[in-house]
Amino acid sequence: MTAGELFVYSDEQLADDRLGAALLVERYNATSVGDAGGRRKILKELLGSVGEDIEVRSPFHCLYGLNIFLSDNVFVNFGGVFLDTAPIRIGARTLIGPNVQLLTATHPLEPGLRRQGYEFGEEIVIGSNVWIGGGVIVCPGVTIGDDAVVGAGSVVTRDVPHGVLVRGNPARVVGPLPSGDDSDAWTRRQARDEDAPPTP
């Protein structure tokens, strides 16, 4: 399954894995936000890897959990849906807005295979220092390069290069992003401006 091969969703072992993940997700979403240690412990049991200084806000939903790999300083806002039939890898310092869907699961176009219950997954890779705006959908097999920004509400159907702003449905490159890290030189842009980054 994690290699992108066809599999049957109703497989007994996979059903057991999904149930185990669902129970951990249920516990995580019911745990007090004041219990940072308890929440981190559940995440470490649920996910494939958990970096330092991460935050995953509730509610959070995933399918298997063990196929999700979070690097250091990752932030996932409310309502994240990570369908991890295939691996989902998220680089350091990446910010994920509310109600973002990372969807590795997909189905054959051939109706006969779908009728037999086959499906498959394609890995999603998100680089470091990426900002994904609220309500974004990332489709199976997409890679998003380091330092990229994805505008709110976008549907990402193809790879995103390093250091660009994309937005729309399907998401298209708007242009390169400003470079530099001087906080005294930054410019606040109005959300209505054509070249403005998305709101979080």
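Visitor: Where is Gly48 found?

Guide: Helices (H or I, at least four residues) and strands (E, at least two) are DSSP runs, numbered from the N terminus. Gly48 is found in the loop between helix H2 (36–46) and strand S2 (49–50). The model is predicted: local features need pLDDT of at least 70, side-chain atom pairs count only at pLDDT 80 or more, and totals for chains, interfaces and linings use all residues. Residues are numbered from 1 along each chain as its sequence is written, and side-chain values use heavy atoms, with hydrogens and water left out.

Visitor: Is Gly48 buried or exposed, or in between?

Guide: Buried means under 20% relative accessible area, exposed over 50%, and partly exposed in between (1.4 Å probe, protein chains only). With a relative accessible area of 35%, Gly48 is partly exposed.

Visitor: Which residues are in contact with Gly48, leaving aside its neighbours within four places in sequence?

Guide: Contact means heavy atoms within 4.5 Å. With those neighbours set aside, Gly48 touches Gly65, Leu66, Ile68 and Phe69 in this sense.

Visitor: In what order do the 3 strands of the open sheet stand?

Guide: Strands of a sheet pair through backbone hydrogen bonds, either parallel or antiparallel. Two strands pair if DSSP finds at least two bridges between them. Here the order is S1-S12-S11, with antiparallel pairing. Strand S1 (7–8) and strand S11 (105–106) stand at the edges, each with a single partner strand, so one side of each has no neighbour in the sheet. S11 is joined to strand S12 (residues 118–121) by 2 bridges, and Ala105 stands opposite Gly121 in S12.

Visitor: How many disulfides does a search of the whole structure find?

Guide: A disulfide is a pair of cysteine sulfur atoms within 2.5 Å. The search finds 0. For Cys62, the nearest cysteine sulfur is that of Cys139, 19 Å away. Cys62 counts as buried because its relative accessibility is 12%.

Visitor: Which residues lie nearest the centre of the second largest pocket?

Guide: On a 1 Å grid over the protein atoms alone, a pocket is an open set of points with protein on both sides within 12 Å along at least five of seven lines, and lining residues have an atom within 4 Å of a point. Of the 14 lining residues, Tyr28, Arg39, Ile54, Glu55 and Val56 lie nearest the centre. H2 gives the most to this lining of the second largest pocket, with 4 residues.

Key
1 Å grid on protein atoms, 1.4 Å probe; cavity = no way out; pocket = protein on both sides within 12 Å on 5 of 7 lines; lining within 4 Å.
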